[in-house]
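User: I'd like to learn how to read strand pairing and a nonpolar core. Could you walk me through them on a real case?

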Amino acid sequence: MKARAALLAAALVQCTGTAPPAPSPAASPRPAAAPAGDGSGPGPAVGAALPAFEAPDQNGTTQTFDTLRGPNGLLLNFNRSVVW
Amino acid sequence: MESFRKRGIGVVSVIPEPAATIKAFAARHGITYPVLSDADAAIIRRFGLVDRTFQATGDLVGKDIPYAATFLADAHGVVREKFFEEAAENRRTTASILVLQGEPGTGGQEIRADHFTLRTSSSNAEVAPGQRFTLVLDFELKPKHHAYAPGVKGYRPLELSLEADPLFEAHETRYPPAGTYYFAPLKETVPVFEGRFRLLKDATVTLPGALPRFKDTDAYPATLNGTLKYQVCSDVVCYPPASLPLQWTVRIRKWVR
């Protein structure tokens, strides 16, 4: 159900260009074991593979998933700009 | 960031700015982890992260701006966790992501109750407006004792509530998976927590609550007051429902530029 809601949310964003409203806290059931991540929103879903990417870092070195990841994975952070 | 590296997890930030801007930004802030220049927004588009709701002004018109999302991928590149805030000005702290992975929090206190020990802490000692951080409750119940999980009937489940405060937006409490306990005399099976377990509650520092108090200072302390309701029973005795006042103190600070 949660995955379906996330898919719907992603579809809404793509079709209408507007993010769906946040579910009201009162309407969301309290799960006994919530996943640690929020799981919703645009971009690759939990369980999906990250798309391949390649870009230069601040030292001019070209980086990819394989050059960046540690033995246990990678934390990938998207920032909107360097000032906000 | 060092804490992620200790756990064998690489860290990277992707920003839709030219390479020269990224280089100056990293130098200015002494950032040693990789920051990628996604100058043409190709990565943002490929990830499906362009924020179409963003109302661009000035020199941002025509640029693709991403949602401020964070992904935790395993070594094979499969997304294990995803963090995303509806409001772009809000962002989960990296320390919060770490406590969700099981790292200890900071500060707090140890409370010895009759049938359990509770250690409270916070993912962050300092938080800025818009930041979402995590309050941590690490329980250790006495052997052969249990507390009740949400959904239980006839007993008081563990429940943490925060006092309403315009400075903080409180989020849902995260519970660990509940076990089940069979009480033979009543032939009942109930959802319980036993032994060591952890409750987590996120709070976001609201901009309207936080910003006015920065007039005369760059940082100030703030207190979150909460109440823990619970009921503990052993294999032979059921104790009455009880509650505990809890308190966390954090420093609210301005964003560092």
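Analyst: Let's start with one pair: B:Glu126 has B:Arg251, in strand 18 of chain B, as its bridge partner. This is a predicted model, where local features need pLDDT of at least 70, side-chain atom pairs count only at pLDDT 80 or more, and totals for chains, interfaces and linings use all residues. Residues are numbered from 1 along each chain as written, while chains are lettered from A and ligands numbered from 1 in the order written.

User: How many bridges join strand 8 to strand 18 of chain B?

Analyst: In general, strands of a sheet pair through backbone hydrogen bonds, parallel or antiparallel. Strands here are DSSP runs of E, at least two residues, numbered from the N terminus, and two of them pair if DSSP finds at least two bridges between them. Strand 8 and strand 18 (residues 242–253) of chain B run parallel, with 2 bridges.

User: What is the strand order of the open sheet in chain B?

Analyst: The order is 8-18-16-11, with mixed pairing. Strand 8 (126–127) and strand 11 (159–162) each have a single partner strand, so one side of each has no neighbour in the sheet.

User: And which residues have the most contacts inside the largest nonpolar core?

Analyst: Nonpolar side chains tend to be buried together in soluble globular proteins. A core is a set of buried Ala, Val, Leu, Ile, Met, Phe, Trp, Tyr and Cys residues joined through C-beta atoms within 7 Å; buried means 20 or more other C-beta atoms within 10 Å, with C-beta atoms placed from the backbone. The largest core has 69 residues, and A:Leu74, A:Leu76, B:Ala69 and B:Ala147 have the most contacts inside it. Strand 9 (residues 131–141) of chain B gives the most to this core, 6 residues.

Key:
Helix = DSSP H or I, 4+ residues; strand = E, 2+ residues; numbered from the N terminus. Buried ≥ 20, exposed ≤ 12 C-beta atoms within 10 Å, placed from the backbone.
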